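Please look through the sequence and the model that follow, and keep both at hand while reading. The report moves from the chain as a whole to single residues.

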Amino acid sequence: MKRVLLVIAALLSLTVLLAACKKSGDTISTSTAESTPATVEATPAPTELPPYEANVLTGEPKGADYPEGQRITAVMVNNIVAARPQRGLSKADILFEIKVEGGITRFMPVFTDYKTVGEVGPVRSGRDQFFRLILPWQALYVHEGQSVVMQQYAIDYDYGKLNNNDGANGYRDYGRVNWAGKSYNAGSLALEHTMYTNADNIANYISSQNVDMNRTYNSTFFNFVDYRLGTTRDLSSSIDSAYSDKYGPVVSDGQYVEIVHSQSYKTRFIYDEATNQYKMQQNYSDGQWRDTVDEAADNKVLTFPNVIVLYTDIHTYPGHEKTDLQYVEYAWGGIGYYCYGGKCEKIYWQKGTPLEALRLYYLNEDGTCSDTPLEINTGKSYVAVTDIDFAENFTHTTLDNVDLTTATTQTYEKSYVEDTAKAGETLGSSTDDLTAAATGSGEAETTEAPAQETVTEETPAQEETPAEEAPVEETPADTTEAPADETPAE
């Protein structure tokens with residue numbers, strides 16, 4: 001039986017008392033009311049703060065060109081080694097990375113405004129572990145192809161045309177050259193690494209299909225520090241900075257952060273004090289670390305002020321062992337880390353049902369989950385949802401303790417058959433039933449491939465043929481538990 005919530009406690013030496021957290025159905029706690037700073041005797045009374053008007057994904061103040069009343073947009077981007085470097089990732093306001101089939105990871109950049117996306121890709125197929133994170137926000141979800149589970153989610157939640165299945169009429173760049181000098185035109189790069197989309201494609205899809213992009217959000221994605229106060233939260237003096245467990249302080253060093261997603265896929269972040277940003281790097285098939293760059297922005301290195309790592313149970317869906325289709329457990333919540341300013345803070349996270357938003361919390365002094373929502377500093381965020389099996393491999397330390405030139409484990413992909421749903425294909429049951437079967441079912445777990453079973457990224461998984469969009473009429477879900485109020489199209 002695979003380790004589940006109790007194992008989270010065992011690995012990280014914390015007693016999980018989820019009852020101490022906010023109850024299911026809570027939305028992100030973001031103050032929108034005006035407040036009055038405390039007065040000082042013999043000084044003029046201060047004026048009230050202006051209304052709280054923050055970017056939904058970054059918590060920063062809205063600019064003059066902010067797309068008020070518009071849905072956010074998410075795009076699925078390939079991260080198998082052969083697909084690198086990607087395009088458009090530097091424009092993401094939040095970048096998610098989660099394990100999918102074969103031990104590889106995939107990206108989901110999320111953008112406040114689809115009109116500013118530029119070019120993004122290579123676009124890849126949709127997966128439910130990503131979709132469930134944006135479902136409460138009713139985002140436009142752009143991908144090429146989708147798993148049968150993802151297609152069932154789109155059906156069950158009446159997602160209709162908000163679930164775009166052809167890369168928003170994306171296009172092939174047959175001549176693109178990857179990091180190793182390989183290309184499709186040269187016969188050395190698989191076709192699935194050549195699909196791209198851009199702001200014009202997305203806009204044309206929205207216009208031609210009459211997609212309802214109207215949405216008014218009543219909270220931000222995270223509980224951000226209030227930008228009106230002009231302050232930044234210093235993790236060294238956090239409300240839980242005096243707490244410790246047997247492994248050390250709850251808040252500790254985080255100039256170097258290394259995340260293990262599977263036996264071979266790794267991501268790391270190196271803190272730059274001068275810019276107060278974390279530089280992102282990934283492990284490659286030659287055993288080397290390289291900067292994660294945006295090819296569409298002159299190979300700009302991806303950087304984030306906020307790095308968030310969330311641990312949970314990840315294993316193969318029962319009945320989907322052939323395709324190694326991964327189930328990510330969001331119902332229980334668990335331990336995570338928030339890294340900012342060269343420090344890492346141990347936290348708790350919760351989500352619950354697909355319609356509930358992701359929520360982050362401080363720890364209590366006894367190591368349990370508190371009732372106090374965690375404050376995230378404003379700005380862009382990288383978020384990893386990571387397998388609890390690799391929690392013991394999480395590293396956060398000072399740069400003095402790390403040799404950045406040292407090679408690491410060679411990245412490889414396990415052989416699998418790509419799960420691609422045909423138009424109209426269903427599971428024959430609801431996603432609720434599938435989730436009930438998958439929850440805690442360690443027997444369905446598949447192990448990572450040993451080194452001798454290595455397949456290189458130059459021999460990719462079976463070619464994915466994008467499925468046509470499931471024939472579901474668009475009726476955006478009336479989500480009473482979602483952290484947003486729907487504004488009907490005029």
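Helices (H or I, at least four residues) and strands (E, at least two) are DSSP runs, numbered from the N terminus. This is a predicted model, in which local features need pLDDT of at least 70 and side-chain atom pairs count only at pLDDT 80 or more, while totals for chains, interfaces and linings use all residues. Residues are numbered from 1 along each chain as its sequence is written, and side-chain values use heavy atoms, with hydrogens and water left out.

**The chain as a whole**

The secondary structure of the chain consists of five helices and 29 strands. Of its 490 residues, 58% are buried, where buried means under 20% relative accessible area, exposed means over 50%, and partly exposed lies in between (1.4 Å probe, protein chains only). The accessible surface comes to about 18600 Å², and carbon and sulfur atoms hold 47% of it; such areas come from the Shrake-Rupley method with a 1.4 Å probe, and for residues only the protein chains shown count as cover. Among the contacts (heavy atoms within 4.5 Å) with a separation of 6 or more, 73% are made by residues 24 or more positions apart.

**The nonpolar core**

In soluble globular proteins, nonpolar side chains tend to be buried together. A nonpolar core is a set of buried Ala, Val, Leu, Ile, Met, Phe, Trp, Tyr and Cys residues joined through side-chain atoms within 4.5 Å. The largest such core in this chain has 111 residues, and the members that touch the most others are Phe96, Met108, Tyr141, Phe222, Phe269, Leu360 and Tyr382.

**Helix α3 and its surroundings**

Seven of the nine residues of α3 are buried, so this helix is largely enclosed by the rest of the structure. The buried residues are Val148, Val149, Met150, Gln151, Gln152, Tyr153 and Ala154, and they pack against α2 (128-134), β5 (140-142), β6 (163-164) and α5. Helix α3 (residues 148-156) packs with helix α5 (residues 431-438) at an angle of about 135 degrees, and their axes are 9 Å apart. That angle makes α3 oblique to α5. From α3, the contact involves Val149, Gln152, Tyr153 and Asp156, and from α5 it involves Thr431, Leu434 and Thr435. Axes here are lines fitted to C-alpha atoms, for helices over the stretch in contact, and angles run from 0 to 180 degrees between N-to-C directions. Angles under 35 degrees count as roughly parallel, those over 145 as roughly antiparallel, those from 65 to 115 as roughly perpendicular, and the rest as oblique. After α3 comes Asp158, whose phi is positive, near 50 degrees.

**Residues in loops**

Ala83 lies in the loop between β1 (73-75) and β2 (94-99). Is Ala83 buried or exposed? With a relative accessible area of 0%, Ala83 is buried, and, not counting residues up to four places away in sequence, Ala83 touches Asn78, Pro122, Arg176 and His193. Ala83 and Arg176 are 93 residues apart along the chain, yet their C-alpha atoms are separated by 9.9 Å.

Asp113 is found in the loop between β3 (105-111) and β4 (119-120), and its relative accessible area of 10% makes Asp113 buried. The side chain of Asp113 makes a polar contact with the side chain of Gln70 at 2.9 Å. A polar contact is a pair of N or O atoms within 3.5 Å; within protein, one must be able to donate a hydrogen and the other to accept it, and residues adjacent in sequence count only if both atoms are side-chain atoms.

Asp298, by contrast, is exposed, with a relative accessible area of 75%, and its place is in the loop between β17 (293-294) and β18 (300-301). The C-alpha atoms of Asp298 and Arg87 are separated by 9.8 Å, although these residues are 211 residues apart along the chain.

**Backbone details**

| Residue | Phi | Relative accessibility |
|---|---|---|
| Gln138 | near 50 degrees | 0%, buried |
| Asn299 | near 55 degrees | 44%, partly exposed |

Gln138 lies in the loop between α2 and β5, whereas Asn299 lies in the loop between β17 and β18. A cis peptide bond joins Arg84 and Pro85, with omega about 0 degrees, and the peptide bond from Gly121 to Pro122 is cis, with omega near 0 degrees.
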